Amino acid sequence: MKKVLVVYESIHNGNTERIANLIGECLGGDVFRVGEIDKSIIQDYDVIGFGSGIYFGKHHRSLFELIDEMDRLEKKSFIFSTRTLTPQSLSHRKLKEKLMEKGAKILGEFSCKGESRMGIFKLFGGICKGRPNSDDMRRARDFAENLKKKL
Ligand SMILES: Cc1cc2nc3c(=O)[nH]c(=O)nc-3n(C[C@H](O)[C@H](O)[C@H](O)COP(=O)(O)O)c2cc1C
C-alpha cells in the first residue's frame, strides 16, 4: 500500500480544502495544510499531492517555499487547484515546473472553479458562486479513483 500525502493551502473560502479532504479520503492519505507539516516528513511518503487556490495566476507561495526547501523530490506527485478565470494549464504551469525541476513525476492534475468575492467581483456578489459544487466534487472523486490505478 502506497503512502499518500496531500498538502494544501486554502486562504480564501476553504474551497481547495474541501477538494484536498475529498482526494485525501479517496486515496486513504494524510491531509495537511502546508503550514502544519515539517518538510522532513515528506520523505516518509510515496505519493504527494500539492494543491491550493490560484492567487494572481499561480498556486500559493507557501507550496513553492516548501518545495524549494527540498534538495530533490523524486516522488510520484499530483497537482490540484480551485480557481476562477485563469485556465488550468496556465494556473498549474509554475508549480508543475518547480516539481519537475526537483525530479517529481506528475501523475495527474485536477482543477475546478472556486467561488470568489475578491476585488471587483464583490460588487456583483461574487464569481463562480456555489463552486465547488456537487459536480465538481464528483469529478474530484473520479480524478482520485483514476489516480489510484497509477499508484
Ligand atoms: C487574492 C486572490 C487572488 C486571486 N487570483 C486569482 C487568479 O489569478 N486567477 C483565478 O483564476 N482565480 C483567482 N482567485 C480566485 C481563487 O483562486 C478561487 O476563489 C479559489 O477557489 C480560492 O481557493 P481557496 O478558497 O481554497 O483559497 C483569487 C482569489 C484571491 C483571494
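Asn15 is buried, as its relative accessible area is 10% (buried means under 20% relative accessible area, exposed over 50%, and partly exposed in between, with a 1.4 Å probe and protein chains only). The structure is a predicted model, in which local features need pLDDT of at least 70 and side-chain atom pairs count only at pLDDT 80 or more, while totals for chains, interfaces and linings use all residues. Residues are numbered from 1 along each chain as its sequence is written, and side-chain values use heavy atoms, with hydrogens and water left out.

Asn15 belongs to helix α1; helices (H or I, at least four residues) and strands (E, at least two) are DSSP runs, numbered from the N terminus. Leaving aside neighbours within four places in sequence, Asn15 is in contact with Ser10, Thr82, Gly114, Glu115, Arg131 and Pro132, where contact means heavy atoms within 4.5 Å. Along the chain, Asn15 and Met1 are 14 residues apart, and their C-alpha atoms are separated by 29 Å.

The ligand comes next. There are 21 residues around the ligand, and those that come nearest are Ser10, Thr16, Ile54, Tyr55 and Thr82; a residue is near a molecule or strand if one of its heavy atoms lies within 4 Å of it. At Gly114, an oxygen atom of the ligand is 3.0 Å from a polar backbone atom. The protein covers 90% of the 640 Å² of accessible area that the ligand has on its own. Accessible areas come from the Shrake-Rupley method with a 1.4 Å probe, and for residues only the protein chains shown count as cover.

Helix α4 spans residues 134–150, which makes 17 residues. From its first C-alpha to its last, α4 reaches 25 Å, close to the 24 Å expected at 1.5 Å a residue; the expected span is 1.5 Å times one less than the number of residues. The buried residues of α4 are Asp136, Met137, Ala140, Phe143, Ala144 and Leu147. They cover an arc of only 115° around the axis, so they sit on the same side of α4; the arc is that of the directions from the helix axis to the C-beta atoms. What covers these buried residues includes α1 (15–27), β4 (76–83) and β5 (105–113). On the other side of α4, Ser134 and Lys149 are exposed. The N-terminal end of α4 is capped by Asn133, which has a side-chain oxygen 3.1 Å from the backbone nitrogen of Asp135.

Most residues other than glycine have a negative phi, and most peptide bonds are trans. Arg131 and Pro132, however, are joined by a cis peptide bond, with omega about -5°. Pro132 lies in the loop between β5 and α4, and that loop also holds Cys128. Phi of Cys128 is near 55°, a positive value in a residue other than glycine, and Cys128 is buried, at a relative accessible area of 17%. Phe56 also has a positive phi, near 50°, in the loop between β3 (47–53) and α2 (61–68). Phe56 counts as exposed, with 77% relative accessibility.

Two further residues complete the picture. In helix α2, Ser62 counts as buried at 13% relative accessibility. The side chain of Ser62 makes a polar contact with the side chain of His60, at 2.7 Å, and beyond four places in sequence Ser62 is in contact with Glu9 and Val34. In strand β5, Ile106 is partly exposed, with a relative accessible area of 23%. Not counting residues up to four places away in sequence, Ile106 touches Ser77, Ile79, Lys96, Leu99 and Met100. Ile106 and Gly49 are 57 residues apart in sequence, yet 9.3 Å apart in space from C-alpha to C-alpha.

Conventions:
Polar contact = N/O pair within 3.5 Å; in protein donor to acceptor, adjacent residues only side chain to side chain.
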